[in-house]
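Me: Please examine the structure shown below and answer some questions on its packing.

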Amino acid sequence: METLFVVLIGAVAAVLSNRNIAVFNDGLRPIVSEHIEGRLKRRELGLTAFAMSFGLVIGFGIPFTLSASIILIHSILLGTDIIGMLTPKNKWGTPVAALIGALYGWGLIAGLEGFVKLFDHLPVNFLTPLGEVGTPVVVTFMAFPALAVAMQFGIKKGVLTFIVSALVRQLAVWMNTSEFLKIGDNVVTLNQEGMALIIGMIFLFTYAMKEKAADGASIDLASVFSDKVKSIKKNVAFFMIIGGLIAGATNLLLMAGDPISLNLLAEGKQTDAGIAAAARAIGFIPLVASTAIATGVYSPVGFTLVFVVGLFSPNVWLAVIIGAIIIFGEVMLLSYIARFLDKYPGVRNSGESIRNAMTKLLEVALLIGGANASNMIAPGFGFFFIAGFYLLNEVAGRPIVRMAVGPLGAIAVGIIANILVALGIMVIPQ
């Protein structure tokens, strides 16, 4: 059943991409819209999708998937974006896209099991240290609202948000250690990072809702893009199918929607993973909604609330049903969301700030995590390699995105360490 879920997700997502209905890569949606309106040829669209997504699959999705033995959704949906765009949009191209997408999904889950078994036979099994790549991400994630506030509303407000978030985190730590909160004889344990994250998001949206549009600058998104919203609503059945499948697969702990919840799941913290996924979903609603409304192209995961449904549902079949209902509700509410974003332009603009803040935070956290993992694999050499790898990549004009340097560097150190140990050149302390 687990394999079937992933295979079906791969097939349906590839069809949605092939038919220009939905793509996972946020940056690809405006480009798909250009193709729909006849300003971009299919071949150019496919090559653009490959250029934008392939590096993220190899350098971002796959390393996280390997480190936790849980599929990061980027691994599969960025791949199906490429598959759908590279296959022709005709009566035989769409079934071919579905078939290749299904095989790709099967390959991911089958290959994952094979990789895990392979590591047991290596001279240096670096699968466990590789899990350290994501450790800093979980802790540092609580800082992203403060960074988003600083980027959009100024450094003073960003610093204030950061200080209050940090104080709330430490207050939660104190309350946990002192067993301050009790219900009867049961001690209530607060997630300190989650509490800091919630406070940061409150600050962010409070500032955003106070920001008013300049005179004459307001755009009636709901009316200007009404045809595009209608085209999304027309395909709501497809979104319900893939939304239900993704919620079910998440409930089975097969996949996660972001590195933070993935690492929490790997540590067995499902509730904390759900809280992190909810915070991310709330933050991304303005970005996903505005790009969907403006382009007529949706995301196969919608506002990412399907991951929250999967993590909090008591069983897989309930997750499938609720996931389908949730994504149906999202699509039907798009016009109302457009009007809300018109009323509060600061909230609409915060989508881009949130995305940029998350990207910058992940770049730093993953570099630290990659360095720690590398040094666990090969003490001393690991730090040396990651530092050199990062600096040379910067000098070369960043052919590898910063976010991928830490995970890719850790994998490279693991491979090099195995080669050197096999040749007798390196001895790894036990």
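This is a predicted model: local features need pLDDT of at least 70, side-chain atom pairs count only at pLDDT 80 or more; totals for chains, interfaces and linings use all residues.

Reply: Residues are numbered from 1 along each chain as its sequence is written, and side-chain values use heavy atoms, with hydrogens and water left out.

Me: What percentage of the 430 residues in the chain is buried?

Reply: Buried means under 20% relative accessible area, exposed over 50%, and partly exposed in between (1.4 Å probe, protein chains only). Of the 430 residues in the chain, the buried share is 52%.

Me: Which residues have the most contacts inside the largest nonpolar core?

Reply: A nonpolar core is a set of buried Ala, Val, Leu, Ile, Met, Phe, Trp, Tyr and Cys residues joined through side-chain atoms within 4.5 Å. The largest one has 99 residues, and those with the most contacts inside it are Leu77, Ile246 and Tyr298.

Me: How many residues form the other core that lies apart from it?

Reply: Among its members are Val23, Val32, Leu45 and Ala49. The number of residues in this core is seven.

Me: Is serine 261 buried or exposed, and which residues does it contact beyond four places in sequence?

Reply: Serine 261 has 1% relative accessibility and therefore counts as buried. With contact meaning heavy atoms within 4.5 Å, and leaving aside neighbours within four places in sequence, the residues in contact with serine 261 are Ala256 and Ala273.
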